[in-house]
Amino acid sequence: SNGIQTNTFTLDFQAFKPPLSSKQAYDLISHVPVTCTGLLLTNAIGDTMVGVFRGVIEWVVKAKEVKEIIFFNCRVGDDEMGQMIGSQLVNGLTNSNCTETIEHFYMTNTDLIIPGNISDLAPLVFQKMKKMKLFYVTDESNRTLTTLSKGRHTQAFRVDFSAYDHPLSSKQAYDLISQIPITCTHLHLSNAVDSETTIGVVRGMVGWLRNAREVKELMLFDCNVGEGEDGRVIGSELANELMESSCTSALEYFHVRNTDMIVSGNVS
């Protein structure tokens with residue numbers, strides 16, 4: 001489809017009866033015109049998706065200016081294989097020229113980017129894709145795993161940790177949050193109820209705040225450590241960083257709800 005400023009190649013694989021083989025899907029996607037600026041691919045399932053992924057990797061190397069890559073309902077059907085392919089896809093994208101031009105990466109109802117690899121892949125996207133305006137991923141149940149969105153004057157990062165079937169480890173949560181782009185102005189985090197996840201989230205926030213440029217809004221909903229005095233200690237670490245960080249001079253909104261990190265013992 002041709003637009004005024006973009007030329008996006010759109011394909012719904014559900015139209016193929018029987019489904020394309022891996023080789024057929026690869027041949028089709030790898031030969032998308034290099035003048036296209038985007039891909040919008042839907043309903044690539046199983047072996048078809050394996051071929052699609054390999055074709056996308058080859059196409060982005062040749063394409064002149066990639067601005068968007070969108071996958072709707074594209075999945076392999078095997079968690080281990082899907083996770084491996086998702087990692088290879090993101091690595092392929094972040095090692096191509098499209099890192100200088102891509103603005104939208106959108107993947108819904110997928111098993112390619114899942115809780116098992118998102119803490120590794122999201123920071124890679126944040127670091128490499130400088131013009132990213134929307135990074136949005138949902139799992140097979142359409143639960144949002146992460147959202148990075150950029151408006152004219154704001155850049156917001158959102159994570160609802162209830163979307164993760166297995167809680168992130170402290171290290172995984174730290175790696176995810178500490179690598180949020182320093183240009184983000186709004187940070188919304190919710191439902192980190194596992195103690196290890198919450199500790200990693202807060203320490204990641206502390207690391208991020210030390211480098212962030214201008215923070216306007218911080219929201220922590222239903223984030224708890226749940227282990228005695230640890231919540232109060234972690235909350236004090238966060239509060240101290242907020243007071244010392246120059247980036248929070250523009251802070252307009254700090255909302256903490258249902259937490260054991262800011263309690264009567266340290267609220268003063």
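1. Let me start with a residue worth a look: Asn-191 has 24% relative accessibility, so it counts as partly exposed, a class that runs between 20% and 50%. Its backbone also deserves a glance, as phi is positive at about 60° although Asn-191 is not a glycine. You will find Asn-191 in the loop between β8 (186-190) and α6 (195-209). Please keep in mind that this is a predicted model.

2. Asn-73 is another non-glycine residue with a positive phi, here near 55°. Asn-73 sits in the loop that links β3 (68-72) to α3 (79-94).

3. While you are checking the backbone, do stop at Pro-18. The peptide bond leading from Lys-17 into Pro-18 is cis, and its omega is near -5°. Pro-18 belongs to the loop between β1 (8-12) and α1 (22-30).

4. Now for the overall fold. The protein chain contains seven helices and 10 strands. Its radius of gyration is 20 Å, close to the 18 Å given by the globule rule for 268 residues, so the chain is as compact as a globular protein of that length. Along the principal axes, the C-alpha atoms fill a box of roughly 65 × 35 × 25 Å.

5. Among contacts with a separation of 6 or more, 77% join residues 24 or more positions apart.

6. Finally, the surface and the charges. The protein chain exposes about 12500 Å², with carbon and sulfur atoms supplying 49% of that area. There are 22 positive and 31 negative side chains, and the centres of these two sets lie 10 Å apart.

Methods
Residues are numbered from 1 along each chain as its sequence is written. This is a predicted model: local features need pLDDT of at least 70, side-chain atom pairs count only at pLDDT 80 or more; totals for chains, interfaces and linings use all residues. Side-chain values use heavy atoms; hydrogens and water are left out. Helices (H or I, at least four residues) and strands (E, at least two) are DSSP runs, numbered from the N terminus. The radius of gyration is taken over C-alpha atoms; the globule rule is 2.2 Å times the number of residues to the power 0.38. Contact means heavy atoms within 4.5 Å. Accessible areas come from the Shrake-Rupley method with a 1.4 Å probe; for residues, only the protein chains shown count as cover. Lys and Arg count as positive and Asp and Glu as negative; His and the chain ends are not counted. The place of a charge is taken as NZ of Lys, CZ of Arg, CG of Asp or CD of Glu. Buried means under 20% relative accessible area, exposed over 50%, partly exposed in between (1.4 Å probe, protein chains only).
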